[in-house]
Amino acid sequence: QVQLTESGGGLVQAGGSLRLSCAAARSDVSISIRAMGWYRQAPGKQREFVATVTNGGGTFYAVPVEGRFTISRDNAENTVYLQMDSLKPEDTAVYYCHVDTSVQRRYWGQGTQVSVSS
């Protein structure tokens, strides 16, 4: 089992920045963490991909956030970060982190609210 704990959400004005963190705790250390990433869900919309980082450090971004958001990870701490700059009101959503594991299972965080005012 893997438990994810998110932090860093909040309310910010347009143009501002926030940094999200997501720490993974494994109850079974034989499970390896592979890709880590973030999705978001705005009110009335489906959950959508935001960014992912592979265990080799490769990064991928959704078009709406590319150039404004930066994903990174600390493998020693099993933590993934999302630095969000130049935030826009349309970035308002609940942000969910996930990890993909060596047992072919994806785990999700509980979600953290990000609200951007105009």
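Reader: How many aromatic pairs does the count come to?
Author: The model is a predicted one, in which local features need pLDDT of at least 70 and side-chain atom pairs count only at pLDDT 80 or more, while totals for chains, interfaces and linings use all residues. Side-chain values use heavy atoms, with hydrogens and water left out, and residues are numbered from 1 along each chain as its sequence is written. Rings of Phe, Tyr and Trp (its six-membered ring) pair if their centres lie within 6.5 Å, and planes under 30 degrees apart count as stacked, over 60 as edge-to-face and the rest as tilted. By this rule the count comes to 2 aromatic pairs.

Reader: Which parts of the chain are tied together by the pair of Y39 and F49, and how many residues apart in sequence are they?
Author: The rings of Y39 and F49 form an edge-to-face pair, with 5.7 Å from centre to centre and 75 degrees between the planes. Strands, numbered from the N terminus, are DSSP runs (E, at least two residues), whereas helices are runs of H or I with at least four. Y39 lies in strand 4 (residues 33-41) and F49 in strand 5 (residues 48-53), so the parts tied together are separated in sequence by 10 residues.

Reader: Is Y39 buried or exposed?
Author: A residue counts as buried under 20% relative accessible area, as exposed over 50% and as partly exposed in between, with a 1.4 Å probe and protein chains only. F49, at 29% relative accessibility, is partly exposed. Y39 has a relative accessibility of 18%, and therefore counts as buried.

Reader: How are the planes of Y39 and W108 set, and what does that make the pair?
Author: The ring centres of Y39 and W108 lie 5.3 Å apart. Their planes stand at 75 degrees, so the pair is edge-to-face.

Reader: How many residues apart in sequence are the parts that the pair of Y39 and W108 ties together?
Author: W108, with a relative accessible area of 34%, is partly exposed, and ring pairs link W108 with Y39 and F49 into a cluster. Since Y39 belongs to strand 4 and W108 to strand 10 (residues 106-108), the pair ties together parts whose separation in sequence is 69 residues.

Reader: What is the C-alpha to C-alpha distance between Y96 and F49?
Author: Y96 is found in strand 9 (residues 93-101), and is buried, with a relative accessible area of 15%. Not counting residues up to four places away in sequence, Y96 is in contact (heavy atoms within 4.5 Å) with residues including Y39 and W108. Y96 and F49 are 47 residues apart in sequence, and from C-alpha to C-alpha they are separated by 9.6 Å.

Reader: Which residues does N55 touch, leaving aside those up to four places away in sequence?
Author: N55 lies in the loop between strand 5 and strand 6 (59-61), where it counts as partly exposed at 47% relative accessibility. Its C-alpha atom is 14 Å from that of W38, which is 17 residues away along the chain. With residues up to four places away in sequence left aside, N55 touches I33, R34, R73 and N75.
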